[in-house]
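Visitor: Could you take me slowly through the place where the ligand sits, and show me what surrounds it?

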Amino acid sequence: MAEETIFSKIIRKEIPSDIVYQDELVTAFRDINAQAPTHVLIVPNKIIPTVNDVTEADEAVLGRLFTVAAKIAEEEGIARNGYRLIINCNKDGGQEVYHLHMHILGGRRLGPMLAR
Ligand code: 5GP
């Protein structure tokens, strides 16, 4: 069994967070340390620690991350100008919370993809 993180408590609404979307597969909530005017995290409700742990059985939930990202981008008014989707994996990827999540960042010009 994969270990729980703070995100499981957010999904179960055991701790406060600004949830913008939830269904049977995924939950989306605002990042506590926003890096852009819109910074939302979309997470599978089931624990998948990293992209390395993804299997074919997860394809429906992973697809849902994208359809929900597009819906949230539209609702946030950033779809037309654009935005960035990021999934960090493990230490070199900068992953801090070991419950796979997609960042949606937008609302300003984000600049080059990687810090130099
Ligand atoms: P990572 O670096 O793992 O890709 O991103 C983890 C993200 O989770 C960070 O942007 C961080 O600000 C966010 N985060 C960590 N703990 C909490 C929390 O308790 N609530 C919310 N809303 N976001 C969190």
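Guide: The lining of the largest pocket is made up of 17 nonpolar, 9 polar and 5 charged residues, where Asp, Glu, Lys and Arg count as charged, Ala, Val, Leu, Ile, Met, Phe, Trp, Tyr, Cys and Pro as nonpolar, and the others, Gly among them, as polar. This is a predicted model, in which local features need pLDDT of at least 70 and side-chain atom pairs pLDDT 80 or more, while totals for chains, interfaces and linings use all residues. Residues are numbered from 1 along each chain as its sequence is written, and side-chain values use heavy atoms, leaving out hydrogens and water.

The largest pocket holds about 870 Å³ of space (an open set of points on a 1 Å grid over the protein atoms alone, where a 1.4 Å probe fits, with protein on both sides within 12 Å along at least five of seven lines; lining residues have an atom within 4 Å of a point; the volume is that filled by probe spheres set on the points). Of its 31 lining residues, Asp-31, Gln-35, His-39, Asn-88 and His-103 are the closest to the centre. Two or more lining residues come from each of α1, β2, β3 (38-44), β4 (83-86) and β5 (102-106), helices of at least four and strands of at least two residues being DSSP runs numbered from the N terminus.

The ligand takes up the space of this largest pocket, with more than half of its atoms within 2 Å of the grid points. Around the ligand stand 16 residues, of which Asp-31, Asn-88, Glu-96, His-101 and His-103 come nearest (a heavy atom within 4 Å counts as near).

Several polar contacts (N or O pairs within 3.5 Å) reach oxygen atoms of the ligand: a polar side-chain atom of Asn-88 lies 2.8 Å from one, a backbone N or O atom of Gly-94 lies 2.9 Å from one, and a polar side-chain atom of His-101 lies 2.8 Å from one. Taken alone, the ligand exposes 530 Å², and the protein buries 84% of that, by the Shrake-Rupley method with a 1.4 Å probe.

Technical notes: Polar contact = N/O pair within 3.5 Å; in protein donor to acceptor, adjacent residues only side chain to side chain.
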